[in-house]
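Good morning, and thank you for coming.

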Amino acid sequence: MDTDSVSQKEVLSTKDGLHFSLRSIPFSHYNEKARWALDYFQIPYVEYRSLPMCHMISMFKYRAKGAPWVAEGSPFVTPFLMVTPTTAAAGKKLEAKECITFNDSTAIMSFLSDQYGAPAGDSKSAPTSLYSNNEETKAKILALEDRFDKMIGPHVRRYVYYEALIKSPKKVGRALGHHDNAGKLQSWIWSLFFPLISYILIKLFHVNDASAARSKDIIRREFEHISRVLESGPPGPAYLIGNQFTAADLTLASLAAMVVGVLQEDGYGAWVPPVTEWTPEAQSFCQELRKTTAGKHVVECYKLHRGQKAPGSSYGFNFFGLW
């Protein structure tokens with residue numbers, strides 16, 4: 001989508017006079033977090049999907065100026081949400097006036113919750129806010145969200161890349177570029193240059209036997225900690241903070257989904273390889289995590305709260321529908 005205009009084809013992807021477009025790496029768990037927040041609040045949006053490395057072309061126009069070229073601060077970071085106020089004139093294109101942009105999943109979820117979340121107990125007309133009006137409770141939610149972003153997110157990413165790009169059969173990694181995860185031209189590039197792209201991703205995220213083992217151990221210990229938090233909660237529905245689904249639960253579920261075997265048919269917003277295609281060791285680890293209270297919570301969050309894509313949402317393509 002061009003920042004200067006919004007096409008008539010995207011009229012459905014508006015809410016309260018605002019047009020939402022999300023640029024994503026589809027199978028990325030941080031992108032799943034942002035996508036889930038949009039779907040949770042039933043906000044129609046256009047999702048422009050890009051595969052790793054190809055995303056630098058897609059994001060070049062929207063890159064963060066001055067960001068260092070490191071994994072934690074790439075100028076081409078996704079998810080990238082653009083919110084464009086629009087006005088409709090009969091028979092004319094929608095004209096974009098100003099744009100608000102976010103390139104962080106936490107900032108995206110916070111913005112959406114502030115704008116469209118209803119207070120707890122007053123959710124008849126809108127989904128309940130993912131944060132609390134109580135400052136003490138909100139601080140607890142934010143602390144857990146930040147912990148998961150820093151401890152679950154990076155280590156799940158490294159472990160999954162280790163399994164998909166190094167340990168498992170090459171068809172597992174290659175498949176990430178197909179199954180409608182991107183346009184046909186990107187899928188072709190991913191397949192053709194897969195060895196090179198794999199090498200870059202492995203170096204960029206420091207993926208090797210030792211680092212993957214550390215990440216696996218950290219994931220295991222985090223699941224043990226989260227299980228204790230859930231088991232020590234008050235009677236009633238088991239959530240991380242009180243008896244309500246919050247940003248902490250959504251963040252945990254989205255970031256941990258792949259290591260407990262959550263698939264697209266379970267609600268994940270993009271195709272990811274089924275556990276049966278991973279190595280026996282990875283399958284065993286997945287089953288180990290699924291048996292924990294934390295793992296069960298992740299699966300339950302998807303069953304109860306993930307839902308389907310927001311009505312009116314669609315996928316956007318460039319370059320004659322090939323990108």
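Axes here are lines fitted to C-alpha atoms, for helices over the stretch in contact, and angles run from 0 to 180 degrees between N-to-C directions. The model is predicted: local features need pLDDT of at least 70, side-chain atom pairs count only at pLDDT 80 or more, and totals for chains, interfaces and linings use all residues. Residues are numbered from 1 along each chain as its sequence is written, and side-chain values use heavy atoms, with hydrogens and water left out.

The chain contains 11 helices and 8 strands; these are DSSP runs numbered from the N terminus, helices being H or I with at least four residues and strands E with at least two. Of its 323 residues, 52% count as buried, that is, under 20% relative accessible area, where exposed is over 50% and partly exposed lies in between (1.4 Å probe, protein chains only).

How do helix H6 and helix H7 pack? Helix H6 (residues 184-192) and helix H7 (residues 194-204) have axes 5 Å apart and an angle of about 80°. That makes H6 roughly perpendicular to H7, a label for angles of 65 to 115 degrees, with under 35 roughly parallel, over 145 roughly antiparallel and the rest oblique. On the H6 side, Ile189, Trp190, Ser191 and Leu192 meet Phe194, Pro195, Ile197 and Leu201 of H7; contact means heavy atoms within 4.5 Å.

I now turn to the aromatic residues. The structure holds 11 aromatic pairs. Rings of Phe, Tyr and Trp (its six-membered ring) pair if their centres lie within 6.5 Å; planes under 30 degrees apart count as stacked, over 60 as edge-to-face and the rest as tilted. Tyr40 and Phe245 form a tilted pair, at 5.8 Å centre to centre with 45° between the planes. Tyr40 lies in helix H1 (residues 29-40) and Phe245 in the loop between helix H8 (209-231) and helix H9 (247-256), so this pair ties together parts that are 205 residues apart in sequence. Tyr40 is buried, with a relative accessible area of 14%, and Phe245 is buried at 4% relative accessibility.

Tyr40 and Phe245 also belong to one aromatic cluster with Trp36, Phe41, Tyr239 and Tyr302. Which residues does His305 contact, leaving aside its neighbours within four places in sequence? They are Trp36, Tyr40, Tyr239 and Phe245. His305 itself lies in helix H11 (residues 293-306).
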